[in-house]
Amino acid sequence: MNEKLLKTIDSRIDELVELTADLIRFPTVNPPGEAYRPCAEYIGERLKKRGFGVEYVRGEGTPGDTDRYPRTNVVARFDGRSPGPTVHFNSHIDVVEAGDGWTVDPFAGIVKDGRVYGRGACDMKGGLAASIIAAEAFMDVYPDFPGAIEISGTVDEESGGFGGVAYLAGKGYFSKPRVDHVIIPEPLNKDRICLGHRGVWWAEIETKGEIAHGSMPFLGDCAVRHMGAVLAAFEEELFPSLDRKQTSMPVVPEGARRSTMNINSIHGGQTEDFRPGLPSPNVPDWCRLTIDRRFLLEEKIDEVKGEVTSILDRLKRERPKFDYEIRDIMEVQPTMTERDAPVVKAVARGIQEIFDREPQYVISPGTYDQKHVARIGHIYDCIAYGPGILDLAHRPDEWVGIEDMVQSAKVMAIGLGLLLRGKLGH
Ligand SMILES: [Zn+2]
């Protein structure tokens, strides 16, 4: 029924590959936020030629925004012939640093063996290219479509999205009536629909001590030993109880289908800056620990925090001289789009058509820009769906499969058709 649409996409494979390689050639490494503007302009120029109205929106004053490293986002919109809903494809253009271990140039956009290689190929320039080709093919085959199509290339997703989707959402770019359905082509595998993500609470715990000569530690009070007591209590009580908290959220990989906490860092006493000299003998009067707690829809953020502070308060009652401070660093609520939401059903139908099977519904263990679309924009009809293979993200020799991009572009185009036209084909 969608034969013409699918054929149109098949006829543009070379263009899809070229577009992906071109996007990889912009070294949009974050931090610091390199080459954002030329990359955004490249996307904007292309879409302008196809009739999109194009806006560049700089995340003024957001973390890292300077004239040397402007947080430049691009938002493109094409209005159809009659009123109707708007489908928005949002991709982040920033990538993480290349790191070591590459056998190809990470920013050359090398094509070989049916794959495009490079930093960001999988996460998520391949997804961005697939969504552009899907939208353009759809517009060519159904020029009379109702509603509107938007495509955005946004910055800083890898560092929290504050200069990107969060900033745009704050300006109304991800809210009704402008936008109804959002698809984020993050690398979640071409036959899976990602409904959302777990919540996050980052906090810094500090234990207090008293400085003294290291030869007479009994005259001071060791903040590192106090932190040791905190860690011991975490091991005994907190980690086992987190392991027991299973969730109905279909998180992948399965190990993340429960509450987790990472000890992100621990620092206490003198820094190691004395090298190449020697340290002086001091009892540390402070120790700081950063925790990264991932929580579930079944949990409330106050309970999540309470589990930690109740342990700290008990230590304060029971352990001589123990004192602490705790400071929130970041909070993200968990989010999960309903399985019968329009965007889920439309993309599921596309996956059924292309792969002849039901999609797998998953939840991401970590967060991505959907949090801002939901929390700031109040758009809950939002999913992540894209061609990249999740396990390849951020790794050396990152790649995206050409066939995977073609198939996911077809899925996106079918989904787009269902959301805008309400039907397949003709
Ligand atoms: Zn990503």
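1. A friendly place to start is Asp397, which counts as partly exposed because it has 15 C-beta neighbours inside 10 Å (buried takes 20 or more other C-beta atoms within 10 Å, exposed 12 or fewer, partly exposed lies in between, and C-beta atoms are placed from the backbone). Asp397 is not a glycine, yet its phi is positive, about 55°. It sits in the loop between strand 15 (382-384) and strand 16 (399-401); helices (H or I, at least four residues) and strands (E, at least two) are DSSP runs, numbered from the N terminus.

2. Before going on, please keep in mind that this is a predicted model: local features need pLDDT of at least 70, side-chain atom pairs count only at pLDDT 80 or more, and totals for chains, interfaces and linings use all residues. Residues are numbered from 1 along each chain as its sequence is written.

3. Asn189 also has a positive phi without being a glycine, with a value near 85°. Its loop runs between strand 7 (181-184) and strand 8 (192-197). Asn189 counts as buried, because it has 20 C-beta neighbours inside 10 Å.

4. One goes from Pro31 to Pro32, with omega near 15°, and Pro32 is in the loop between helix 2 (13-24) and helix 3 (36-49). Another joins Arg275 and Pro276, with omega about 5°; Pro276 belongs to the loop between strand 10 and strand 11.

5. Four strands form an open antiparallel sheet in the order 10-11-9-12, where pairing requires at least two DSSP bridges between two strands. Strand 10 (260-268) and strand 12 (324-332) are the edges, each pairing on one side only. Strand 9 (residues 199-208) runs antiparallel to strand 12 and is joined to it by eight bridges, with Val200 opposite Val332.

6. The largest nonpolar core holds 110 residues, and Ala134, Ile183, Val347, Ile383, Ala409, Ala413 and Leu416 have the most contacts inside it. Such a core is a set of buried Ala, Val, Leu, Ile, Met, Phe, Trp, Tyr and Cys residues joined through C-beta atoms within 7 Å. Domain 1 (3-197 + 334-421) and domain 2 (199-332) both contribute residues, so this core lies between them; the bounds come from an automatic or database domain assignment.

7. What is Ala413 in contact with, leaving aside its neighbours within four places in sequence? The partners are Leu5, Ile9, Ala134, Ala137 and Phe138, where contact means C-beta atoms, placed from the backbone, within 7 Å.

Methods
Contact = placed C-beta atoms within 7 Å.
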